[in-house]
Amino acid sequence: MKYTFDFKNIGEATEFCTVKAEGFKTACASVSFMIPLSDEASVFALIPNILTRSSEKYPTVTLLEKKLATLYGAEILADVSKIGENQVLKLAIASIDDRFALDNESIVTECCRVLFELIFKPKFVNGTFDADEVESEKRLLAEQLGAEMSDKRAYAKNRLEEIMCEEELYGINRLGTVEGINSVTTEGLTEAYKRVLKTAKILVSVSANGSIETENIKTLFMEYATGCERKPEKQETLYVENAEDVTYVKETAPVKQGKLVMGFRMGMKDRNDDYAAKRIMSDVFGGNPNSKLFKVVREEMSLCYYCSSRMIRAKGIMLVQSGIESFNEEKAKNAILDQLEEIKKGNFTEEDLEASKKSLEDAFKGVSDSPEALDSWFTTQLEHSEYLYPEDYINMFKKVTKEDVIRAANDVTLDTVFMLEGTEEGDEE
Amino acid sequence: MEYIKNDILDEGYYSIDHKSGLKIFVYPKKDYASTYAVFGTKYGSIDTRFKRSDKDEFIEIPEGTAHFLEHKLFESEELDAFQRYAKTGASANAYTSFDRTCYLFNCTGHFKENFEILLDFVKHPYFTEETVQKEQGIIGQEIDMYKDLPDWVCLFNMLSGMYHNHPVKIDIAGTKHSISQITAKMLFDCYDTFYNLSNMALAVAGNVTPEEVIEIADRLLIKEEKVTVERAFKEEPKTIVNQYVEEKLALVTPVFCLGYKENHETPERTIKETIGKSLLLDMVAGQSSDLYKELLDSGLINDSFSVEYFNGHGYAIPMFSGESLDPKKVAKLIDERISRYKEKGFTQEEFEIVRKKHYGKTVRAFTEVDTIANGLVVSHFDNDNLFSEFTVLQEITAEYCYELLKNSFSKDLAVLSVVNPKEL
């Protein structure tokens, strides 16, 4: 869809961007706070949840939900993610466009007001968050971490990052730890909230139909944000170019399927270091159904249902994940490394290269069709305020040659292998 | 060709009875970059006993055959479908559910080539004993993966506690044992029965015109004699099997699933009943309900809690699921709340709140090409139209929902399934 993107600085390390398209029938607004990833991750991770639970104006979850229901089921999203060695706290709201209002209400602006209300006017009791709500949110976050431990695929990936980046901040889970969450106090959380408003880099994003007056929404945000003392802090992500030797960790769990995760260093000095070539290389290796890992490890060798690679640009690493019979561990590991060797030697075709470029191009072009996808596209670039369009990446990828991919593969070194061995019998044959 | 539109939504689509015997839907979204196409058959995991209208005998096939066939259809004597899509850049996939199998792609360019690939590979099966054999390892791993997923296991345990015979209780992918019995011949038998164009539907949504679609369909689809399928479900007793089912897996917080078996005169529920039940579920325990807050505040549920009216051919279950340290207590509180509602009813305000929420959700659904295209196929298989849900939501009343409530949520047909942590 045709859209326009606009971006303004509206204060110290505070940015406001809008995406507008005539064709949008829904809208999405978000506020992202980026802070350095640290051993205080747990307390910060609680902030999006405590803020979206209630506010001064909507003091209980029921009253807030009722308000959202009257806004035609607008949905609030609270999210915590990691971009390199920064933690991003994001609060968002998604709604339908004003034209569908049954009584001509301004749904989108009202949704933004609710979102800002939640962020800047929390329900304080004697100057702090409500102690009962804090306790409740601590339990919920700890249970969310628990659910990620129950989901063995997520668990294995988290463990790999933890082990591989033990000496780096990146090894910290975006939600912190259960112990960290349990030790949070009401005062501590209140103080952390105030610190976020002061020190975070802030990006406000509104993606909506062209008819929505986003200028008013910007003014509204600035009114809510008035009085926030600002002293932004920034953290640069550490890039480790090469692995020195391979760390191997194995754990067991009473599950049927084993989970193998392999972590590689990509030879990057920073996020722009030969990025396009590395991105395409990771895709040819294991990013789509035409890739080496899918074709060989799954289709030819029948070792798994999934085996794929993913590049994490913001840290310069690549992860390969697969679910296998535990006794096939060596076979799978060797097969994965063999496929990487093949790329290093140039044993892939121009067609494979084209297939990766085309699939990335096709996927990137589709970003423009929904406000949510565009919101996420631009807001994940807040680390460097770069705000490139999908087309900019497509053009970058187009220039990548076979030699570039071979070079990129030769920069890759295996750093860590994590194996979660299943001790249960698989389903009987 | 018929144009079906909704003025309020300002949306519309073409419904085409193609000369080949296939029902085709085209939903143009002219501003969009993407186009999404889905080619589906009304054949899912519950179809384990059936016969073609022109045959005498019923065939009984192993559990998981529909899903197995889905995997194998991607193969051909030459390039498999994934390799063909690799030349265009489309993102392609397929899925099998309880009652359908669908093949799809999403693209922002080369629509014509992609669409040709889709029609071609779905209509050209290629199964050999050797390739069937090879797939067993891959699907075996898919089965193991699901057997480790607490939510999935919990749902199927609930279904097994509820249904004596209905095949909704069997895992969509089957078991390693059942899939080891699948042969190439069986796949052909199933294919010949269910992949007849009269049992299928094709929907395309996005940057596309009906003319483009019809031109390619004209070229690639050969007219097929209509085949009807007779399905034979075993008689299902009105009772449940077990009111409580428990299993242990490697997990942290216990997972639960509470369902109420419904017995109906007809096998399928109307869209109005489905929406009515969904609104009821939201009033009882949705996020804007008092019960939700009570459960949350007392530490009994977390964000994973959800409600759903789970239904299909021959099964219908209002369902509550999530994680809890005390699932039995949650079940008890839900049950009490339902009794109270049955006795005292609910307020007009409670009703309006959930209705508005569902209205907004439905409007939002018309912006996603994948939701639209899949919705077209599903509504066709249900003999409905895509805008029915929207229309029903405008007309539905609190009184209608109250009538529904009185005849469902029967306490003695409730099944609670719990997956507890395995001690290490």
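Guide: Two residues are in contact if their C-beta atoms, placed from the backbone, lie within 7 Å. This is a predicted model, in which local features need pLDDT of at least 70 and side-chain atom pairs count only at pLDDT 80 or more, while totals for chains, interfaces and linings use all residues. Residues are numbered from 1 along each chain as its sequence is written, and chains are lettered from A and ligands numbered from 1 in the order in which they are written.

Visitor: Which element gives the most to the side of chain A that touches chain B?

Guide: Across the interface, 57 residues of chain A are in contact with 60 residues of chain B. Elements here are DSSP runs, with helices (H or I) of at least four residues and strands (E) of at least two, numbered from the N terminus. Those giving two or more residues to this side of chain A are helices H2 (61–70), H4 (131–150) and H12 (350–365), together with strands E11 (304–312) and E12 (317–324). With nine residues, the element that gives the most is H4(A).

Visitor: Which strands of the six-stranded sheet in chain A stand at the edges?

Guide: The sheet is open and mixed, with the strand order E1-E2-E8-E3-E5-E4 in chain A, where two strands pair if DSSP finds at least two bridges between them. Two strands have a single partner strand each, so one side of each is left without a neighbour in the sheet. These edge strands of chain A are E1 (4–11) and E4 (75–83).

Visitor: At about what angle to E5(A) does helix H1 of chain A run?

Guide: Strand E5 (residues 86–96) pairs with E4(A) in the antiparallel sense over nine bridges, and within this pair the bridge partner of Asp79(A) is Lys90(A). Helix H1 (residues 41–51) of chain A lies across strand E3 (26–36), E4 and E5. Angles run from 0 to 180 degrees between N-to-C directions, with axes fitted to C-alpha atoms and, for helices, over the stretch in contact; helix H1 of chain A runs to E5(A) at about 10°.

Visitor: Is Val252(B) buried, partly exposed or exposed?

Guide: Val252(B) lies in the loop between strand E11 (244–249) and strand E12 (255–260) of chain B. Leaving aside neighbours within four places in sequence, Val252(B) is in contact with Gly146(A), Met149(A), Ser150(A) and Pro421(B). A residue is buried if 20 or more other C-beta atoms, placed from the backbone, lie within 10 Å of its own, exposed if 12 or fewer, and partly exposed in between. Val252(B) has 19 within that distance, so its class is partly exposed.

Visitor: In chain B, which element supplies the largest share of the side of domain 1 that touches domain 2?

Guide: An automatic or database domain assignment divides chain B into domain 1 (2–231) and domain 2 (244–421), with 27 Å between their centres, taken over C-alpha atoms. In this chain, 41 residues of domain 1 are in contact with 32 residues of domain 2. With ten residues, the largest share of the domain 1 side comes from H5(B).
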